[in-house]
Structures are given as structure tokens and as C-alpha cells.
Amino acid sequence: MRSLIILSFVFCLISTPSLSADPFSLSALSSSTDAAGNTTYSLSLQILVLMSAITVLPSLVLGMTAFTRIIIVLSILRQALGTQQTPPNQVLIAIALFLTATVMTPTFQRVYDESVTPYLAETMGAEEALSIGGAIMKDFMVINTRKDSLIIFSDLANSKPFASNADIPFSVILPAFITSELKTAFQIGFLIFLPFLVIDMVISSILMSLGMMMLSPMLISLPFKLLLFVLVDGWSMMSASLVSTFVTP
């Protein structure tokens, strides 16, 4: 409903001739090209693009960064511990965001130095800045994407062999990167589950041998799993291991 109201407001401004001198009129949403071929966009159009980019920011965080693998592994770890909703989802998301920032800092720094800074200094056009920033993000995604996943989606798109990472379209690298991250996350989750599964099986066998079949093995094994996890400093070990699984260009 809010989107319809905004669109109606924009169309009214565009279709009203008397508002041609208004800063929010159609002339404010314009672009111009200089003699060097660089395209300059009006401030209103830049703000419009910025607000549109903010709406898709969550999708970009999920699809183009290390967040997907980290949050899935942390969720599987919580299930392996059997602690239900402890730690809560908000805490897991906060941990995943901070670890994602740690992994992505070199890549984001390159984007800022090579794309954002020249654009803000007006030494580079918006299209060139977007192209350079997108190429840097593609480098990160390609390095951390499995070749078989990249080949599958490349064949689905009927794409020719790519000369460089920058030539790979986002329509190919994004689904390939996400599916590759899912596979890697579940492989890590399987390895995490094994020691806790062994503890559950041992506790269950002991209870059955003692004739305590009515007592829940999960209730008895939970303190032992927590003790094991604390003794090995599990959270620090898990965080360091997750960060080390990524490769930064």
C-alpha cells in the first residue's frame, strides 16, 4: 500500500506541468553526459537509487557474503547441542553478522578504495564505479564457489566460457555461490554433529542397560555436551574455524 502511494505521488509530480520548476519534478530525475563520456546523475536520482539499494540490502548480505554459511553452521551447532532456543536467534544473527564483517572486511575495503572513493571524489562515473565494485565482489564469490556449481548454472544460462571473473554475470554467479555455500555449510554441520551424536548414543545405551527407558537420553546428555563444548572453548574454536574456511582475493 505504501509503495502504491509513493508511485502515485511520483506520477502526479511528473504529469503536472505547473511543477516544472519544483526541485522534485521530472527535471530533478535526470542525467547528463559530459564531453569525456562520463554520465552524471542528479541528486534526486542518486537518492532514489540509494533508497532502492537499501531495500535490497538484506538480500545482498545473504547472497553475496559469508553470512549464509555462517548462520547455517551456527544453527546446526545449536541443534547438535540440543539447547532448543539457546542461544536465541537474535544472538546467532549478531554473531553471524560480526563474523561476516570479519571475513568481508578485505573485500569491502577494496570496494571502498577502488570504487566508492573515486566516485565520491568525482573522478569516476557511477557506471564505472558499479562495474569495478561488482567485479571485486565477483572475485570473492568465484574463489569461494565450487566449480561444479558454477558449471551447472553456467550451462543452464547457456553461457560461453568466461575469460575472467568479471565476465561472469550475476545471474550465474549468485545462484552458484549460494548453492555452494549451502553444500559447504551442511558438510561442516555433519562434522559438528558427530561428537554430540556419539555422546547421545553412549548415554542412551547406558540408560537402556540400567533399565531407565522412561528417562529421556537428551535430558541426561545435555550437561555432558555442554561440558565438552565449554572445555574445548567451542565458540572461539567454531568462530575461528568458520572464518578460516573462506578465501579472500
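The secondary structure of the protein chain comprises 10 helices and two strands, where helices (H or I, at least four residues) and strands (E, at least two) are DSSP runs numbered from the N terminus. From the N terminus on, the elements follow the order α-β-β-α-α-α-α-α-α-α-α-α. This is a predicted model, in which local features need pLDDT of at least 70 and side-chain atom pairs count only at pLDDT 80 or more, while totals for chains, interfaces and linings use all residues. Residues are numbered from 1 along each chain as its sequence is written, and side-chain values use heavy atoms, with hydrogens and water left out.

**Burial and contacts of the chain**

- Of the 249 residues of the protein chain, 31% count as buried; buried means under 20% relative accessible area, exposed over 50%, and partly exposed in between (1.4 Å probe, protein chains only).
- Among the contacts in the protein chain with a separation of 6 or more, 66% come from residues 24 or more positions apart, a contact being heavy atoms within 4.5 Å.

- Helix H4 (residues 67-81) has 15 residues and should span 21 Å at 1.5 Å a residue, which agrees with the 21 Å between its end C-alpha atoms; the expected span is 1.5 Å times one less than the number of residues.
- H4 is mostly covered, with 13 of its 15 residues buried.
- Just after H4, Gly82 adopts a positive phi of about 75°.
- Pro87 is placed in the loop between H4 and H5, and a cis peptide bond with omega of about -5° joins Thr86 to Pro87.

**Packing of H5 and H10**

- Helix H5 (residues 89-120) packs with helix H10 (residues 234-244) at an angle of about 35°, and their axes are 10 Å apart; axes are lines fitted to C-alpha atoms, for helices over the stretch in contact, and angles run from 0 to 180 degrees between N-to-C directions.
- On the H5 side, Leu99, Thr102 and Val103 meet Ser239, Leu242 and Val243 of H10.
- An α-helix has 3.6 residues a turn, so residues three or four places apart point the same way.
- Ala101 also lies in helix H5 and counts as partly exposed because its relative accessibility is 37%.
- Ala101 and Phe67 are 34 residues apart along the chain, with their C-alpha atoms separated by 8.8 Å.

**Aromatic pairs and charges over rings**

- The structure holds three aromatic pairs, where rings of Phe, Tyr and Trp (its six-membered ring) pair if their centres lie within 6.5 Å, and planes under 30 degrees apart count as stacked, over 60 as edge-to-face and the rest as tilted.
- Phe229 and Trp235 form an edge-to-face pair, at 5.3 Å centre to centre and 90° between the planes.
- Phe229 counts as buried because its relative accessibility is 9%, whereas Trp235, at 32%, counts as partly exposed.
- Phe196, Phe229 and Trp235 are linked into a cluster by ring pairs.
- The charged end of Arg69 sits over the ring of Phe246, 3.9 Å from its centre; the criterion is NZ of Lys or CZ of Arg within 6 Å of the ring centre and within 35 degrees of the ring normal.
- Lys138 lies over the face of Phe170, 4.6 Å from the ring centre.

- Met137 lies in helix H6 (residues 126-143) and counts as buried at 9% relative accessibility.
- Not counting residues up to four places away in sequence, Met137 touches Met64, Met104, Thr107, Phe108 and Val111.
- Met137 and Asn165 are 28 residues apart in sequence, and their C-alpha atoms are 9.7 Å apart in space.
- Thr184 is found in helix H8 (residues 170-209) and counts as buried because its relative accessibility is 13%.
- Leaving aside neighbours within four places in sequence, Thr184 is in contact with Arg69 and Arg146.

**The loop between H9 and H10**

- Asp233 is found in the loop between helix H9 (217-231) and H10.
- Asp233 has a positive phi of about 55° although it is not a glycine.
- Asp233 is partly exposed, with a relative accessible area of 44%.
- Most residues other than glycine have a negative phi, and most peptide bonds are trans.
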